[in-house]
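Hi,

Here is the structure I promised to pass on. Have a look at it first, and then read my notes below.

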Amino acid sequence: MKIAIVTGASSGMGKEFVRQIDERCYGLDEIWMLARRREEMEELNGQTQAKLRIFPVDVSDKVMLGQFEECLAIEQPNVKILVNCAGYGKTGAFDHIGKEENLGMIDVNCRGLTAVTYSVLPYMTRHSYIIHLASAAAFLPQPDFAVYAATKSYVLSFSRALRREVMSRGICVSAVCPGPVKTDFFRIAEQTGETFALKKFFYAQKEKVVRQALLGAFRKKEVIVYSLPMQGFCALTKALPHRVLLDVYSKMLGIDG
Ligand SMILES: NC(=O)c1ccc[n+]([C@@H]2O[C@H](COP(=O)([O-])OP(=O)(O)OC[C@H]3O[C@@H](n4cnc5c(N)ncnc54)[C@H](OP(=O)(O)O)[C@@H]3O)[C@@H](O)[C@H]2O)c1
């Protein structure tokens with residue numbers, strides 16, 4: 001049975017990945033959707049060619065992930081595409097955000113993504129793709145988004161290294177690094193603080209980001225940076241010392257550096 005697995009499939013880019021994978025990838029028997037909110041995933045029922053299988057799973061919960069692993073072991077699927085999209089960020093000062101939320105971002109964005117990849121990898125064969133949602137936030141540390149940006153640096157670094165490890169097995173790993181995208185992400189992020197105003201000028205549409213992510217992954221690109229301004233930002237973080245960029249950014253935020 002050929003399948004795709006998408007985490008964070010109840011909303012935003014994850015849900016859009018399910019739609020576009022279904023449109024573009026003929027021959028998939030099933031798409032497995034993972035997120036905590038079942039009803040939001042069920043909204044796609046009847047709208048896809050591939051059969052949807054819904055897993056109400058918190059990727060930071062060991063017991064739930066264990067049950068998911070058992071399902072993989074029983075079904076023995078041939079996983080052609082894995083999209084690790086589950087993730088969230090909280091904006092604001094590190095000590096204002098609180099311990100639980102700071103550690104929660106690490107649990108979901110890093111531990112959860114790593115655990116799902118580890119569990120799914122044995123079911124992937126030649127000509128298959130792993131797509132990890134990192135972020136443009138991976139390119140530079142971000143005051144007032146400190147833990148989130150650090151988790152995305154982890155995702156980018158992990159993806160690039162894993163790519164080299166599994167390449168000879170015909171498995172291609174890509175990291176997707178968009179700037180701000182219009183989804184529920186910022187509603188959740190802003191529960192603890194305000195988003196830096198300038199970011200709102202760069203909002204991208206999830207449909208376009210996902211289309212470019214899939215195109216890039218199928219062309220075996222290592223890092224996919226959506227939009228020209230974000231490609232410019234990426235180039236800047238390679239050209240200038242991070243200390244200088246952080247000084248400028250901190251001043252823009254009104255933080256004494
Ligand atoms: N939007 C942006 O500006 C932006 C930019 C760059 C990168 N990203 C990254 O892109 C990914 C998708 O974000 P989005 O913009 O599509 O945001 P979103 O609409 O808020 O979607 C986030 C998804 O992650 C799932 N999720 C969160 N915590 C989870 C947990 N503990 N277990 C399982 N699933 C969980 C949510 O589902 P449930 O709540 O149902 O569990 C939801 O489906 C994230 O990794 C994010 O960091 C976003």
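To get you oriented: which residue stands opposite Asn84 in β4? The residue is Thr7. Before the rest, some housekeeping. This is a predicted model, so local features need pLDDT of at least 70 and side-chain atom pairs count only at pLDDT 80 or more, while totals for chains, interfaces and linings use all residues. Residues are numbered from 1 along each chain as its sequence is written, and side-chain values use heavy atoms, with hydrogens and water left out.

Let's start with the sheet. Seven strands make up an open sheet with parallel pairing, in the order β3-β2-β1-β4-β5-β6-β7. At the edges sit β3 (51–56) and β7 (223–225), each pairing on one side only. From one strand to the next, the twist averages 20°. As for terms, helices (H or I, at least four residues) and strands (E, at least two) are DSSP runs numbered from the N terminus, and two strands pair if DSSP finds at least two bridges between them.

Buried means under 20% relative accessible area, exposed means over 50%, and partly exposed is in between (1.4 Å probe, protein chains only).

Helix α5 (residues 99–120) packs on the sheet and touches β1 (2–7), β4 and β5; its direction makes about 175° with that of β4. Contact here means heavy atoms within 4.5 Å. The axes are lines fitted to C-alpha atoms, for helices over the stretch in contact, and angles run from 0 to 180 degrees between N-to-C directions.

Now the salt bridges (a side-chain nitrogen of Lys or Arg within 4 Å of a carboxyl oxygen of Asp or Glu). The count comes to 13. Here are some of them:

- Glu16 pairs with Arg19, with the closest N and O atoms 3.0 Å apart. The two are three residues apart in helix α1 (residues 12–24), so they are separated by about one helical turn. Glu16 is buried at 7%, while Arg19 is partly exposed at 30%.
- Glu101 meets Lys90 at 3.5 Å, N to O. Glu101 is in helix α5 and Lys90 in the loop between β4 and α4 (94–97), eleven residues apart. Lys90 is buried at 4%, whereas Glu101 is partly exposed at 27%.
- Arg164 meets Glu222 at 2.4 Å, N to O. This pair links distant parts of the chain, 58 residues apart: helix α6 (residues 146–166) holds Arg164, and the loop between α8 and β7 holds Glu222. Arg164 is exposed at 51%.

There is also a network: Glu30, Lys51, Arg53 and Glu75 are joined by salt bridges that share partners.

Last, the surface. A nonpolar patch is formed by Leu198, Phe201, Phe202, Val244, Val248 and Met252, together with about 560 Å² of accessible area. Patches are made of residues with over 30% relative accessible area and no salt bridge, where like charges are joined within 9 Å and nonpolar side chains (Val, Leu, Ile, Met, Phe, Trp, Tyr) within 5 Å. Accessible areas come from the Shrake-Rupley method with a 1.4 Å probe, and for residues only the protein chains shown count as cover. Phe202 lies in the loop between α7 (185–189) and α8 (206–218), and is partly exposed at 34%.

Cheers
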